[in-house]
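Please walk through this complex with me. We start where two chains meet and end inside one of them.

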Amino acid sequence: MELLIRNGFVYDPINSINGEKMDIAIRDGKFVQKVNEFSARKIDASGMIVMPGGVDIHCHIAGSEVNTGRLLRPEDHFKDFERKTLKTRSGVGRSIPSTFTTGYRYARMGYTTIMNPSMAPLEAKHTHEELNDTPMVDKATYPLLGDWWFVLEYLKDGAIEECARYVAWMMTTTKGYAIKIVNPGGLEAWGSGRNVSCIDDQVPYFGITPREILRGLCKVNKLLNLPHTIHVHTNNLGKPGNYLTALDTMKCVEDLSSEGKPAIHITHCQFCAFKGSNWRSLTSGAEEIAKYVNNHSHVTLDMGQVIFTDTTTMTADGPFQYTLYELTGNKWVNHDVETETSSGIVPFRYRRKSYVNAIQWSIGLELALLIEDPWKIFMTTDHPNGGPFVYYPKIIAWLMSRKAREATVQKINQRARSRSLLPSIDRELSFYEIAIMTRAGQAKALGLVNKGHLSVGADADVAIYNINPETTDPSTKYRTIRKTFRNAAYTIKNGKIAAKNGEILEHVKGATMWLDVQVSDPIKVTEGMKRRFREYWTVEYENYPVTENYLEISHPIAVKADV
Amino acid sequence: MISLHPQKEFVFPIIAEGINPDVFQDKNRGEIEELEIWEGNKQKKLGELFKVKETGTEPQQEDIAIVIYGDLSRVRRIGAWMKGGEITINGNVGMHLGEEMEGGKITVHGSVGGWAGSMMKGGIIEIHGNASHYLGAAYRGSSQGMNGGRIIVHGNVGYEAGAYMRKGLMKIYGSVGQFAGFRMHNGTIYIQKDCEGRVGACMKNGKIVVAGFLESVLPTFTIESIRKKVKIGEDDVAEGPFYRFLGDLTENGNGKLYVLKEENPHLSTYERLL
Amino acid sequence: MPVVKAVPCPVCGSLCDDIELTIENGKIVKVKNGCAMCESKFLSHNSEHRILKPLIKRNGKLIEASFEEAAKKAAEILADANYPILYGWSSTNCEATRVGLELAEEIGGVIDNTAVICHGPSILSVQQVGIPSCTLGQIRHRADLVIYWGSNPWSSHPRHIERYTTFSEGRFQRSTWKRYLLKVKASIVRKKIESALRRVFFKKKPSTPRIGGLPPSMLREGRKLVVVDVRKTKSAEIADYFIQVEPCKDYELLQALRALIRDEEIDVDKVAGVPVENLEEVADLMIKCNFGILFFGVGLTMSEGKMRNIDAALSLVRDLNTRTKFAIMPMRGHFNVTGANTVFTWQTGYPYAVDFSLGYPRYNPGETSIMDILLNKESDATLVVASDPAANFPQKAVEHLVKNPLIVIDPHMNVTAQMADVIFPSAFVGIEESGTAYRMDHVPLPLKKVVNPPRDVLSDEEILRKILSEVRKLKEKKLVEVA
Ligand code: SF4
Ligand SMILES: [Zn+2]
């Protein structure tokens, strides 16, 4: 099938196209040089913005922890539902939508690629089964490896190459995409009810520090030539004063970057940019972090923006979630996974009038605005931790309009207002910069070569928004911005018109991308390995891997490793 | 005044959120008959299931009154979210009556199904028959129970009456099942007859008065004093003497549980602790 | 003879995945590593009760029919129904459940799984309180205090203790199997002495039962096993400590423990038949352990108080986490009941009792759950997959169930099938059909197809897909007719 998008204002930052009026041609799911003008289906995009489909580097949408969150909160979704139509499946929404609804809602906003950032390897099948039921988007998922006993043991022995071979095995075995590290060392400690306090604290029983884990896996990542960097949720997340831990974490791999390429991604950075010694004296550490990031090239970040609403927090960071339970007294789920990781869930309401929450809200935006290079910081809410992803248009408006920020600042806790840096920041992002922070930059950081741009040969994922950049000033018309980005005029997935003005036209299935990491000397399955397996886990070696038939549409990406 | 009469005996659940004075407001008979209603999995028009009559000639006054006759025990969600007006039901009625209502009055001359007045915020529900389980309770997963208004039941009530209650008054002239006032935060529950037990479990605050027989008080309540009488709502007083217990200890609670001494001689062992 | 290794056992929620099967001439002839329940399932699944052909009731008699015919008949029943129910799902794979949900949505029906009659109350309470839990390996590696409450794993989940808890060998905790053997030996010796004494002194009971106080075994190092139940079960016999709770008083006992671990004083001397001093010791034990786990079974979920018993148990364990590390887990019965809840939840947001009659998922156990619907006589057709409600539901519910058209998909001619209008024979999931199942701790495992089903017998998933496509055809036809 051929499709021709005509006359739109095109924003394609990877190709340095900044609002030029041009046509985009698509054939068989890919961008092409041109199509038959007469027979191709045409979309008149004049007066509209054309961007690559949105990419989300970090959103919890599938797997054990997400699903337990769904189960936990009938009261969260019973009033927000979607009826079945002739084209679509029914479902429920709010903070943790059911799988089909998740896909539809992303597609309505013009998103076409999303990354599920936390998967316990032992439960990887679950994640993939849910991803199969998440339509409209291509997706991938990151296995949690920072507290895996194998990693701890090999790194402790300094056996980096051996560790790398096991990580390669794990990546392929779980059909994963990147190395996810959450509170390194802290999750193993949480298995016995403890935590680590800084990146040089020892992990009980294992005699290794978070620093060693971070550096070790960063080296492994490089040895394996993985497309993304290590994806890190820092130690001490959600604790006052933790911006120092975040800085330590970035610094500790400073020397491991080569050719100025990123070596680490600090995720939902807002949650680890707290200054102050307790909740009362909490202030923003965004300035310090921005300063560091502006002067270094080895780091990328995502915001983890907070939205003032009721949501459900869920991370693999068991001890952090427990603290959150103690703070709120809300219902609390904990789920530790043998030999690998933990996780926790607590419903949470971010309140404008809460000092802490208002500061958090401010921090996220400060980070995005103070970090000069939009290729280094991406827009996320750490869905659903900072708020459900459906609020992205709100964030876009805040980033593009000083007025929009002011309007909210007026309504937040007074003490927080006086401490917020936002009133002193004039920067207003352009559509071009938004395109970087919501798709191009994310795709680049992820090393997704066929996503986030409109070059010939790339995947034909497009979002068209009905707003004229020549006649609309986002700075004053921030409400229009919000409205526009809520429902794309067209969302095109694999060259098919998937959604139009908020209506799902086709239930498109997306592929699951995973890394087929090829090492020269792969792990051999010896009887010894099987025995070790039996000692570490309660399942047999044979039943552990996610075989390819688990993936409804499998999209392996071959990676040649240096080991 | 509008009156409704079922056209037939219902077999499948009927979801009738449309039967609500706010919805009927400014609508003539024809428009009311067109309202959406669900019978099992089929969408119907209200007029297909109910005969709609207008009585009284006066132009619609401010507060609309709806009167329903017949067996409505399968009809659910009548008066849900209503803000004003009046509904009178002559017969039994199904679940979720007046769920989340904010104002107005519902009177039932018959018995009601579960979750009546669940999560209500204001208004009055008066039931002359019995009420089933979860009277004024919260939806699954929620800890926001009844948050205002009044529920009066002249018959008996099932279990978990007033679970997660936060505000308001519940007066029950019959007896109640287990777990009345479960995890209540505040508000008042008065039970004139017997109470099956585990009353006030995990309550944090609020007041429960049992004027009938209560087999045992949970071990996580402690006796505090004996009171001559106790205030019920704004204008009512129940004559004692009552044992006054505090709890629930498990929740660091400060809830007050009053149990009528006269009806409960077996609780006199507690007196030695006073 | 071919031996298949690492086969997950499709019987109970322990989902042991180390079973070794020997296959001869397409038949399983030997089962290694499994418990008795497992062996009998693998060896005798092909019993004489097997259904081999689809059946349709005509004039009160079940007559063989083609698959095509049966599917059409089933589709007619379901497409016409005003309030149909699709029930079962805990003894099939997740793949079948996925199709089941799609079918339920298509026909605007209610879909419910067997959790409703076992751990439904547990789920309702999890939705109120949350649940601090973990996978079973965590317990094997770390737990030094294991409590089974209202559960008798020795009979219901025979390998649970040996594979995952007290008798398993973990990284930080050793197995206490040896200690148990010593104990058994000692008790045999004691019994011998007792009987000798009896013979000599003609006394009935020379040793008086100990009242109060912890037995010496509880003071030892290493992991401990505690059982709480209304009667002394086999599991209670092997336990280091057994607490006998008065029937229907679990709630009081749990609440009292909750108060005690908060260092509160209790007004009464005994709770649920247990002296408060003993409870204080138990509370102390819980606080002082390094990693505790409380497993609870239907003895707790289905006894008086139901969901609120679980509310108390969950709250107890949650509160304990301020003092130490503690986890809690329901002892799920059927091998894939957890999977059914899991798939329901990701597709609809709700774990069971999901009502699609308004075109979107609604959930309210007590209203949208099968038992309540049957007792209220609201449904007009039922499809049962891999379950036997007629054998274990109350009489009144069964009456309504069989009064209306009933479709059964099952390998066996069970009680429900005997009363059905349309019957589909199906392959045994986990023996003749692969797919995913979820262990009680949410670990997904791949079920194996080790032998072929009888000729022409299809899987649950295939049968459901066929019915779904027939329903869609009927609906399309109707649309065309209307137009
Ligand atoms: S314990 Fe359960 S799962 Fe394990 S072998 Fe026995 S029946 Fe099968
Ligand atoms: Zn996250």
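A salt bridge here is a side-chain nitrogen of Lys or Arg within 4 Å of a carboxyl oxygen of Asp or Glu. By that rule, nine salt bridges cross the interface of chain A and chain C. In one of them, C:Arg142 meets A:Glu188 at 2.9 Å, N to O. This is a predicted model, in which local features need pLDDT of at least 70, side-chain atom pairs count only at pLDDT 80 or more, and totals for chains, interfaces and linings use all residues. Residues are numbered from 1 along each chain as its sequence is written, chains are lettered from A and ligands numbered from 1 in the order in which they are written, and side-chain values use heavy atoms, with hydrogens and water left out.

How many residues does each chain bring to the contact? Chain A brings 57 and chain C brings 62, where contact means heavy atoms within 4.5 Å. The size of an interface is often given as the accessible area lost when the parts come together.

Strands are DSSP runs of E, at least two residues long, and helices are runs of H or I, at least four, both numbered from the N terminus. Strand β18 (residues 332-336) of chain A and strand β8 (residues 130-134) of chain C run parallel, joined by five bridges. Two strands pair if DSSP finds at least two bridges between them. Within this pairing, A:His335 stands opposite C:Ser133.

Now turn to chain C itself. An open sheet of nine strands runs β5-β4-β20-β19-β18-β6-β7-β16-β17, with mixed pairing. β5 (61-64) and β17 (362-363) of chain C are the edges; each has a single partner strand, so one side of each lacks a neighbour in the sheet. Strand β4 (residues 55-58) of chain C pairs with strand β20 (residues 422-425) of chain C in the antiparallel sense, over two bridges. There, C:Leu55 has C:Ile423 as its bridge partner.

How confident is the predictor? pLDDT is its confidence in each residue, from 0 to 100. Chain C averages 92, and 96% of its residues score at least 70. Residues 203-211 of chain C fall below 50. For the complex, the predictor gives an ipTM of 0.97 and a pTM of 0.96.

Notes:
pLDDT = per-residue confidence, 0-100.
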